[in-house]
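I opened my notebook to keep track of what I looked up today.

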Amino acid sequence: MTMIEAAKLPIVDLSLPDHFSTANSIRQACVEYGFFYLVNHGIEQELIAKVFEESKKFFSLPFAEKMKLLRNEHRGYTPLFAENLDFSLSNSKGDCKESFYIGPLEKSDLNQWPSQEVLPSWRPTMEAYYNKALSAGKRLISLIALALNLDKDYFEKIGALDQPEAFLRLLHYPGELRHSKEKIFGASAHSDYGMITLLATDGVPGLQVCREKSKEPRTWEDVLQMDRAFIVNIGDMMERWTNCSFRSTLHRVMPVGQERYSMAFFLDPNSNCIVQCLESCCSESCPKRFPPIRSGDYLKERFRLTYGS
């Protein structure tokens, strides 16, 4: 068995006053890894701990109770093995994880919430965290714009952050796995679909990244937990915007025989935003690789492939 090395991810500090030096750090991280640690992001540890606590309460409910909130309009509960992220695994029965999606709060009629009788603190906790994560994500996007030699408010000007499609996804990976002949993944190899993802984990290992997605065999590196830091990664839409100069890196979650909880905050543009190659990312020697596409159409197709509907 080959030893897997730990990824040496860069650290980006959101509290530094010199935005240009932070933008340079982000640029280097996105070109080399597509992943980095984000520290001083402005979300209190107490709130993060509370979200994990409420998440555990939900996932420990009886299966029938969770199925009352089955995923609809990309919100609500997704049971174990309902999702396959790696299309090359044609015989896979799906990923060994369950999750719960919360979408944009201004479209509150679409979101599903556990009953207040069962989980009284659930909704206010999730809404508080959602709003804080959205704020941190928008601050980060403005620094990513600087990293791309654009105006700080570039993504705001083109309408990407006007009612963005932002989703909070709570994840639970069970510790005990049923024995199976096929290899079981917590999350099979994939890249995220949108702009950026901010991930918080409970410290249990399992996350791995592969920097060279086109190389075979793939080389995987462990992503270690860093206290009080988010793990941030670039999604396929941002890779497309940057003409592949920022990389959307393959990653997966391997079972480690321990229960694992995490929460991913996906910040994606307004569904009507047109994603097209940024002028700062193409030239005669590096022509545009992708045609323009409406963000909502792009994401809809990606979800259709993942969930088979």
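Predicted model: local features only at pLDDT ≥ 70, side-chain atom pairs only at ≥ 80, totals over all residues.

**Entry 1: helix 2**

I started with the buried residues of helix 2, and they are Leu47, Ile48, Val51, Phe52, Glu54, Ser55, Phe58 and Phe59. Next I looked down the axis of helix 2: the buried residues fall within an arc of 165°, so they line one face of the helix.

Then I checked the length of helix 2. With 15 residues at 1.5 Å a residue, helix 2 should span 21 Å, and its end C-alpha atoms are 21 Å apart, which agrees.

**Entry 2: the charged residue in that list**

Which residue does glutamate 54 form a salt bridge with? The partner is lysine 50, and the closest N and O atoms are 3.2 Å apart. Both residues lie in helix 2 (residues 45-59), 4 residues apart, which is about one turn of the helix.

Are the two partners buried or exposed? Glutamate 54 has 1% relative accessibility, and buried means under 20%, so glutamate 54 counts as buried. Lysine 50 comes out at 27%, so lysine 50 counts as partly exposed.

I also followed the shared partners: salt bridges join Lys50, Glu53, Glu54 and Lys57 into one network.

**Entry 3: other salt bridges**

Reminder for myself: side chains of opposite charge can pair when their charged atoms come close. How many salt bridges does the count come to? It comes to 20 salt bridges. I picked out two of them to read up on.

Lysine 107 is partly exposed at 28% relative accessibility. Glutamate 165 is buried at 14%.

The other one I picked is lysine 288 with glutamate 279, at 3.8 Å from N to O. Here lysine 288 counts as exposed at 52% relative accessibility, and glutamate 279 is exposed too, with a relative accessible area of 61%.

**Entry 4: rings**

I moved on to aromatic side chains. A search of the whole structure finds 12 aromatic pairs. One of them is phenylalanine 58 with tryptophan 122, a tilted pair with 5.7 Å centre to centre and 50° between the planes. Phenylalanine 58 lies in helix 2 and tryptophan 122 in helix 4, so the pair ties together parts that are 64 residues apart in sequence. Phenylalanine 58 is buried at 0% relative accessibility, and tryptophan 122 is buried at 0% as well.

I then looked up phenylalanine 155 and tryptophan 241. They form an edge-to-face pair, 5.1 Å centre to centre with 70° between the planes. This pair also links distant parts of the chain: phenylalanine 155 is in helix 5 (residues 154-157) and tryptophan 241 in helix 6 (residues 236-241), 86 residues apart. Phenylalanine 155 is buried, with a relative accessible area of 1%. Tryptophan 241 is buried at 1% too.

Which residues do ring pairs link into a cluster? They are Phe58, Phe59, Tyr77, Phe100, Trp113, Trp122 and Tyr261.

**Entry 5: helix 1**

Back to helices. Helix 1 (residues 19-32) has 14 residues and reaches 20 Å from its first C-alpha to its last, close to the 20 Å expected at 1.5 Å a residue. Thr22, Ala23, Ile26, Ala29 and Cys30 are buried in helix 1. Seen down the axis, these buried residues fall within an arc of 125°, so they line one face of helix 1. Phe20 and Asn24 are exposed on the other side of the helix.

**Entry 6: a patch on the surface**

Last stop: Phe63, Met67 and Leu70 form a nonpolar patch on the surface, with about 260 Å² of accessible area together. Methionine 67 lies in helix 3 (residues 63-67). Methionine 67 is partly exposed, with a relative accessible area of 30%.

Notes:
Residues numbered from 1 in each chain as written. Heavy atoms only, no water. Patch = residues over 30% accessible without salt bridge, like charges linked within 9 Å, V, L, I, M, F, W, Y side chains within 5 Å. Areas by Shrake-Rupley, 256 points an atom, 1.4 Å probe, with all protein chains shown as cover. Salt bridge = Lys/Arg side-chain N within 4 Å of Asp/Glu carboxyl O. Helix = DSSP H or I, 4+ residues; strand = E, 2+ residues; numbered from the N terminus. Buried < 20%, exposed > 50% of the residue type's maximum accessible area, 1.4 Å probe, protein only. Expected span 1.5 Å × (residues − 1). Arc of directions from axis to C-beta. Phe/Tyr/Trp six-rings, centres within 6.5 Å; stacked < 30°, edge-to-face > 60°.
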